[in-house]
Amino acid sequence: MGTVAPTASDIDARRSPAAPGAGGDRGIFLIGYDTESGDPAVTRPFLQRMREIHEATEVPATLFLCGRTAERNLEALRPLADHSLMDLQQHTYSHVLLKSVYIEDPQEGVRFVRAGTLEQIREEVRRTTVLLRETLGVECTGITGPYAYYRGLVDRPDILEILWDEGIRFVRSWGRNERDWQPVDLAIQPFFYAVQGFPQMLEVPIHGWQDISLRKTVGWTDHAAFLAGVYPYMERAAAERLVFSYCTHDHSSRRDDPTMAITEALLRKARDLGMQCLSYADYYAQRV
Ligand SMILES: [Zn+2]
């Protein structure tokens, strides 16, 4: 793959992501949990509470699983594998970055985290896909790139080709701004990697703040300040018929918030705003 020319409709979709229908009448709400903890005592209670709040609000969820985390929590994941609200995707086997990041964090200074090699990336993605298929019967078509990156994979057709070959059809890889920090503006809407030669590969950026960055900034116990930092993105998405794509994690969702009240508030906010709530897989299906 890599030689198929983009069609006119692919280009239209990329250039006009907010075209009628792309963002629903009241916007679209997507939530994905990067599930990556090495400690089952963290992941298992998260999975249980996460399921409860999604069932209570009937909002679909996508879990982007590290393969090694899935291996340690197979019994807890099994009931989610064929759950109507749950969509299981991947986050590499051991949290290997697809691209290096040079993070200019205003609180902690510069951090550099190196990407895996192309060989490692292929092995990590393949291993996780096989694991999810053989243990949970799940066919993995989506990935969140560990850490997420500025401009996603627009400049990396080599990585896109590996992901495509391994069966990946949508990626959350654009999750940082020009300082490899956050927030990411809502104007960065989902687009197809058509000009790179992958007209059916969808990027779904992560908007605003990844939960950890904002909770660290406002203080972990200040739930109101965190929600005040997220709600404006949702309100704008609803008003302007845009997609709002939110990233949170297994290990952070219950930190200083054991009942996941923050996350539940976001789910109820999406419902109150009348947003269309979809899993990432269903959003991809809707776009293609
Ligand atoms: Zn991660």
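Guide: Let's begin with a charged pair: the side chains of Lys 216 and Asp 105 form a salt bridge, with N and O 3.1 Å apart. Keep in mind that the model is predicted. The two ends of this bridge sit in unlike surroundings. Asp 105 is buried, at 3% relative accessible area, whereas Lys 216 is partly exposed, at 22%.

Glu 166 and Arg 122 make another salt bridge, and their closest N and O atoms are also 3.1 Å apart. Here too the pair joins distant parts of the chain: Glu 166 is in the loop between helix 6 (157-165) and strand 7 (170-176), while Arg 122 is in helix 5 (residues 118-136), 44 residues apart. With a relative accessibility of 12%, Glu 166 is under the 20% cut-off, so Glu 166 counts as buried. Arg 122, at 28%, counts as partly exposed.

For a local contact, look at Glu 52 and Arg 49, whose side chains meet in a salt bridge at 2.8 Å, N to O. Glu 52 is partly exposed at 34% relative accessible area, and Arg 49 is partly exposed at 22%. The structure as a whole holds 19 salt bridges. The general idea is simple: side chains of opposite charge can pair when their charged atoms come close.

Charges also turn up over rings. The charged end of Arg 127 sits over the ring of Tyr 93, 3.6 Å from its centre. In the case of Arg 255, the charged end sits over the ring of Trp 220, 3.9 Å from its centre.

Now for rings against rings. Searching the whole structure turns up eleven aromatic pairs. One of them is Phe 29 with Phe 244, a stacked pair with 6.2 Å centre to centre and 25° between the planes. Phe 29 lies in strand 1 (residues 28-35) and Phe 244 in strand 10 (residues 243-249), so the pair ties together parts that are 215 residues apart in sequence. Phe 29 is buried, with 1% relative accessible area, and Phe 244 is buried at 1% too. Ring pairs join Phe 29 and Phe 244 with Tyr 233 and Tyr 246 into a cluster.

What about the cysteines? The whole-structure search finds zero disulfides. Cys 66 is in no disulfide, and the nearest cysteine sulfur, in Cys 247, is 12 Å away. A disulfide needs sulfur atoms within 2.5 Å, so at 12 Å the sulfur of Cys 247 is too far from that of Cys 66 for a bond. Cys 66 is buried, at 0% relative accessible area, and Cys 247 is buried at 0% as well.

Next comes the metal. The zinc ion has Glu 36 (OE), His 91 (NE2) and His 95 (NE2) as its protein donors, lying 2.0 to 2.1 Å from it. Along the chain, the donors follow the spacing E-x54-H-x3-H. His 91 is buried, with a relative accessible area of 1%.

Last stop, strand 3. This strand spans residues 86-90, and five of its five residues are buried. Side chains in a regular strand alternate between the two faces of the sheet. In strand 3 both faces are covered: Met 86, Leu 88 and Gln 90 are buried on one side, Asp 87 and Gln 89 on the other. Strand 3 pairs with strand 2 (residues 61-65) in the parallel sense, over five bridges. Within that pairing, Phe 64 has Gln 89 of strand 3 as its bridge partner.

Definitions and conventions:
Residues numbered from 1 in each chain as written. Predicted model: local features only at pLDDT ≥ 70, side-chain atom pairs only at ≥ 80, totals over all residues. Heavy atoms only, no water. Salt bridge = Lys/Arg side-chain N within 4 Å of Asp/Glu carboxyl O. Buried < 20%, exposed > 50% of the residue type's maximum accessible area, 1.4 Å probe, protein only. Helix = DSSP H or I, 4+ residues; strand = E, 2+ residues; numbered from the N terminus. Phe/Tyr/Trp six-rings, centres within 6.5 Å; stacked < 30°, edge-to-face > 60°. Lys NZ or Arg CZ within 6 Å of the ring centre and 35° of its normal. Donors = N, O, S within 2.8 Å, 3.2 Å for Na, K, Ca; no water. Pairing = 2+ DSSP bridges.
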